[in-house]
Every structure is written in structure tokens, then in C-alpha cells.
Amino acid sequence: MLVAAALLGAAAAPAATHEYRVTLSEDLQRLDVVARLDGSVRHVSARRPEARDYLAEAYGCDGARLPRTGSRLTSPSGNLTCFTYAVELGRAARANSRLQAFGPDTLVLPVNDWLWRPQLGGNDEIVVTFDLPQDANVSVPWQPVDGRPGTFRLRSSPRSGSPLAVFGQFDASVVSIGEARLRIVALPSRRGPMNPAVADWIGETAANISLAYGRFPNPDARVLLFPVTGRPGGSAVPFGRVVRDGGETVELLVDPDQPESAFLGDWTATHEFTHLMLPYVGRNDRWVSEGFAQYYQNVLLARAGRYSPDEAWRKIGEGLERGRRSVPHLSPDEAASAAERNTRMKIYWSGAALALIADVELRRRSGGKETLDTALDRLQACCLPSRRTWTARKLFAKLDELVATPLFVDLYDRHADAAGFPDFDEYLDAAELAEIRAAITARRYTDRPGSQELRRHDRK
Ligand SMILES: [Zn+2]
């Protein structure tokens, strides 16, 4: 115990803590930043080249102007310990035409359009405190510091996606899923705030992820809900993605005007939340992350009672069939890196076949004691949320370390670079595996009071 405590203590001690104070002007048009670094650096940089277009001015705290080259601000003395800069925030937000439809009092823009920062290694962190005008709010992907509203902790993270910051007016709620807290930000449309029932429903859907192993995979994630409207008969959640830079955010486009049946039939939100059960694997390995998400979204929607077990297995079977027919001359690795356009089903379902095979095999070999759920439970306990980018092979090697009967690397090595498709028929159809399949999709309940809602719905 003492050793564990000492190790945890060591891991928690940051190597460097930089302090940022960020002041938002009354009219939301300008950000002023004072950055005090722990130690000195030669330069700081912005992660998006556009940032240089909105940077108004930058000085060292000694008053010397900081020259900018590309996306870098370099100290003339080579010892930058403190600097200030201002950003034309309104202009930056207006430049992102995709992000303009949220009413005049809400600014949405990439964090990396205004954040100039030193490199963060290991346990380094930037503690950012916002000074906001009365009634204005801020949302960033970074971890909130307990007891200090408006203060966040930014640490190293995978460079996956471009995270968004929101300033001004929006609805924010925190949903508890066991020990985890999910910060849900619902952006207004020009017509007004989003129907709060949508954020409730998203919270329920996120809670269903705990039907895999009893908790949500990230104790502190964020959800951004963007309103879209005007698609009669359309999907309740037409698009979603996960951004990991700065902390994990699930971004979802939602159509608050869709009827309840459209929300209950949606799988996009479940799919995106399911991605958080694995660390970020690079783009060429995305057939693994997409495949695991395809498998689990169907399994979890069955466990939640939104699909019947038969419906879930039919969807898995049809998806795998589409995957098998898709670009059979390419391996999953080739499909994920290919320029060909019709590789989507291969990318989305070859990894799902591996997830199915692994799940059934683990259960068969262990008499049901080990499952894909228990493997991912241990993966979460050791390694998530992860601050780095993994390779699929490393991920599978880690999963093998976490189970009694390793099989993941073998599956990976046999299929990642092989044309054709993993042979899944036995796992879907064999009569002697029916009990195992039934156990995978058997109904389960979250311990959230709100899940009564879905249970009620179920009885109709
Ligand atoms: Zn996905």
C-alpha cells in the first residue's frame, strides 16, 4: 500500500506548472492572456496556423515585443519566463463559418486559434484561470480544478482533432455516471436555448456505456451538443466525433425537433461514447477503434433494452456481411490508409469481427469469467484516459497482458495486413455458442435513477 501510495504521489506531482490568466472582454471580442511559466523556454507555439491571424500583440513581461515566426513566438533573449498576449476573439470566431449559428452571445472557436503554449512533457501542466464578464460562461476540454470555478488544468494529450472552446451564453450541466462526471454543453440555436430534454437524453445514453463494466470510461469527459434543424424524417443525431486534444470531448450534432422515437432509435451517440473505451489509436489503425465501437454500440443498446437481442445480432450480422463484401482485395490496414473511397464498410466492420471473436473466445475459454468487458475494464483501470497515441498492436499487446488466455495479438497479426475478412460465421451462427451470445446481449440496468425513464419506455 505504501509503495502504491508513493508511486501515485510521484505520478501526481507535476514536473512543471505554468499559470495562465485569461481575461475575456465585456463585449466578448477580445482575450487578454498573462502566462507565467515554471522555468524558461525559448519559444511558445500555437497548434493551428490560423492563430497567427488573430494574435493582436505579444510581449515578454519585461516589455520586449515577442517576434512571431509562423506559429511560434520566440524570446529574443532565449529565456522566456513570462509573457502577455491579446487575441481578437470575435474575429477568430467569425472566421469559422461552420461555427457561427449559435446566436450573438455565444462564441465557438478552436482552442488552438487562441492558445499559445510551451511544449508539455510528461506531467507538465498549464493551470488556466478565466476572468469572465458577468453572466458569461466558458467551456474547454481541460479538466476543471475542484473548488476553483473557472480554473482548468491542461496536460499533454493525443493530438487528435481540434478541440473547441465556447464563451458566453450556453446551457451547461454536469451528469454523474457513478463516480464519473460528464460536462454537457448544449449550444443555443438562433431560436433560443436547446430543449433540456435533449441533454437529459444524452446523459442517459452516456450512462449506458457503463453497461460494459460498471462505470464510464473517462471520469471527466465533456460533451458538446450542436443544434441542427429542419430535416423532417431525419436522424436525431446526424453526426458525431470524438476529439482528444486537451481532454476527451464527444461532439454531437443533434436535431431537437425530431420526435422521441428518433432519439430512441439513434445509435450515433452510443457509438461516439463507446470510442472512449479505447485509447486514441492513430488514423491508419482506426479500423480497430471503429470496429470496437460498431460491435459495442449494438451490444450496449441491447443491454440497455433499446434493441432486442435478436435485433442487435441481426445488425451485427448485416454489418459484418457488408464489411466482408467491401474491398475484399484490401487488408484492414490498407483500407484505413487507402485513397479509395469505398473502404468505409471494411474499416468499420473488420475490427468489429475481431471484437466479436475475442469476446466469444474469451467467454468460451474461461467459462464466462473473462469477457471483452472484463478486458476493457482492466484496460480502463490501468490506462484510460490515456495522454498519448497508441498503435493498434500495442493496444492488443496490452489487452493480452490483462487476460488469462491471451488472444488479441494473434488475432491482430493474422488479420491486420491480410486481404479478405476475418471468418466470423461460426461466432454468429453456431448453435453451441447461443448461450454465450445470449449472455453478451442480456439486459442489464445502470444504477442511475434516470434509467427508470427508459425502463418505463420499455414496457409500452
Ligand atoms: Zn466512430
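Here is a short chat about the domains and some helix pairs of this predicted model.

Trainee: Which domains is the chain divided into?
Mentor: Domain 1 covers 9–165, domain 2 covers 170–276 and domain 3 covers 279–460.

Trainee: OK, and how many residues does the contact take from domain 1 and from domain 2?
Mentor: Domain 1 gives 28 residues and domain 2 gives 23 residues. The C-alpha centres of those two domains lie 26 Å apart.

Trainee: What area do they bury between them?
Mentor: About 2,000 Å², with 50% of it on carbon and sulfur atoms.

Trainee: Switching to helices: at what angle do H6 and H7 cross?
Mentor: Roughly 125°, and their axes come within 8 Å. H6 is residues 268–275, while H7 is residues 286–303.

Trainee: Why are they called oblique?
Mentor: Angles from 65 to 115 degrees count as roughly perpendicular and those over 145 as roughly antiparallel, so H6 and H7 end up oblique to each other. The crossing is right-handed.

Trainee: Which residues in H6 meet H7?
Mentor: Thr270, His271, Thr274 and His275. Their partners in H7 include Phe292, Tyr296 and Leu300. By class, that contact has five nonpolar, seven polar and one charged residues.

Trainee: What about H8 and H15, how do they pack?
Mentor: Helix H8 (residues 309–325) and helix H15 (residues 434–441) pack at about 105°, with axes 10 Å apart. H8 and H15 are therefore roughly perpendicular to each other.

Trainee: And which residues meet there?
Mentor: From H8 you have Pro309, Ala312 and Trp313, and from H15 there are Arg437, Ile440 and Thr441. That contact divides into four nonpolar, one polar and one charged.

Notes
Residues numbered from 1 in each chain as written. Predicted model: local features only at pLDDT ≥ 70, side-chain atom pairs only at ≥ 80, totals over all residues. Heavy atoms only, no water. Axes fitted to C-alpha atoms, helices over the stretch in contact; angles between N-to-C directions. Helix = DSSP H or I, 4+ residues; strand = E, 2+ residues; numbered from the N terminus. Parallel < 35°, antiparallel > 145°, perpendicular 65-115°, else oblique. Left-handed = near helix turned anticlockwise from the far one by under 90°. Contact = heavy atoms within 4.5 Å. Nonpolar A, V, L, I, M, F, W, Y, C, P; charged D, E, K, R; others polar. Domains from an automatic or database assignment. Buried area = accessible area lost by both parts, 1.4 Å probe.
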